[in-house]
Amino acid sequence: MTNEELNEQYELFVLGVAEPEVADEIRAKLAAGDPEVTQGVALARELVAGLAFTAPEVDPPDHLRKKIVAAVSHEPQTFPRWFWVWATATALVTVVAFNFWQREQKKGAEVAEMRQLLIAQSAELKTVSQLLEFLNEPELKLTTFGTAQPAPPRGRVLVSPNKGVLLLVSNLPPAAQGRIYQMWLVPKQGGPVPMGLFQTTAQGTALHVRPGTVDLASAAAIAVSLEPEAGSTAPTTTPFIIAPVAE
Amino acid sequence: MDEDLLNSDRGRRLQTAFEQLNDHQRQVMELAYFEGLSQSEMAAKLNQPLGTIKTWTRAALQVLRAALGENRNAMGESTGI
């Protein structure tokens, strides 16, 4: 194939879904140091990583949202008893004080909201950064699940010994109120290891990253189960996704 | 921080572009991204000719690449969709 023809295949190559003969040709040109192909693949990695922005924005569970809001909000403002006595006697001052108090409360809420937004955006950027790091990993192991099932969910798991686990899932309805999805690393010996909680969008898609190191020699599979909102230390329901980790 | 802002801006543009894809273009990108299907596997799954899948994929990638403002003309990419 010419480089012009390969140009249409770089993103598919990065995603690991290019046809084998195309992937072989791109690999060969990368190995040979072809500058055009090298640049094309680099740009494709950026685009694929940026696709994480099209993945769901996960709403935190209620209990977590409350904790975040509590952590960033001002302490409730209290006034000494004498203030109220004095304020009752002077209605005008009371009105002024009340307005001031309202403004402070509103300001506090706005600050909390802005901090939440910043937290969410930071998390989003971190996810994209992690995805890009994953795609650059030379020892990346990739597996798919659910393709043989007539019904969803389907998806892919990327496991890197240095970067952790990245799960892409589709056709998975959002967990019901009070429930959440939990990813597990299933070792060849011993019990499943918790790998974080995630929720899906109304469209049934999710991208979940669990950074860290993974011992590929001892890892058997990546699994997902439905758990209580706070998560579990061990699966309380039968995992409905089990993706073997290819060695 | 500047790099983060740049990445964020690119991400937003990419998200907007993704939303502008038509149903076919979005479907092939989702099948590649979330389900890891190759173009021939997509053709079988969607019961469409391979050439049609390639056309949808090419068009989707051109929209997404354009959103990132990457100058690939020097690399031989056509600008039409």
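What follows is a conversation about labels and the values behind them.

Guide: A word on the ground rules: this is a predicted model, in which local features need pLDDT of at least 70 and side-chain atom pairs count only at pLDDT 80 or more, while totals for chains, interfaces and linings use all residues. Residues are numbered from 1 along each chain as its sequence is written, chains are lettered from A and ligands numbered from 1 in the order in which they are written, and side-chain values use heavy atoms, with hydrogens and water left out.

Visitor: What makes A:T200 buried rather than exposed?
Guide: Buried means under 20% relative accessible area, exposed over 50%, and partly exposed in between, with a 1.4 Å probe and protein chains only. A:T200 has 7% relative accessibility, so it counts as buried. The residue is found in the loop between β5 (193–198) and β6 of chain A; helices (H or I, at least four residues) and strands (E, at least two) are DSSP runs, numbered from the N terminus.

Visitor: Which residues does A:T200 touch?
Guide: Contact means heavy atoms within 4.5 Å. Leaving out residues up to four places away in sequence, A:T200 touches A:V169, A:L172, A:P173, A:P174, A:A175, A:Y181, A:T205 and A:A206.

Visitor: Why is A:N171 called partly exposed?
Guide: A:N171 is at 31% relative accessibility, so it counts as partly exposed. It lies in the loop between β3 and β4 (179–187) of chain A, and its phi is near 60 degrees, a positive value in a residue other than glycine.

Visitor: And B:N47, is it buried or exposed?
Guide: B:N47 is exposed, because its relative accessible area is 68%. This residue is found in the loop between α3 (39–46) and α4 (50–68) of chain B, and has a positive phi of about 55 degrees although it is not a glycine.

Visitor: What caps the N-terminal end of α2(B)?
Guide: That is B:N22: one of its side-chain oxygens lies 3.0 Å from the backbone nitrogen of B:H24. After α2(B) comes B:G36, with a positive phi near 65 degrees. The buried residues of this helix (residues 23–35) include B:V28, B:L31 and B:F34.

Visitor: How do you know that A:E8 and B:R58 form a salt bridge?
Guide: A salt bridge is a side-chain nitrogen of Lys or Arg within 4 Å of a carboxyl oxygen of Asp or Glu. Here the N to O distance is 2.9 Å, and the rule finds 2 salt bridges across the interface of chain A and chain B.

Visitor: How many residues are in contact there?
Guide: In chain A, 39 residues are in contact with 31 residues of chain B. There are also 5 residue pairs in polar contact between the chains, both at pLDDT 80 or more. Among the elements supplying at least two residues of the side of chain A that touches chain B are α4 (35–50) and α7 (91–135), and α4(A) gives the largest share, 9 residues.

How values were computed
Polar contact = N/O pair within 3.5 Å; in protein donor to acceptor, adjacent residues only side chain to side chain.
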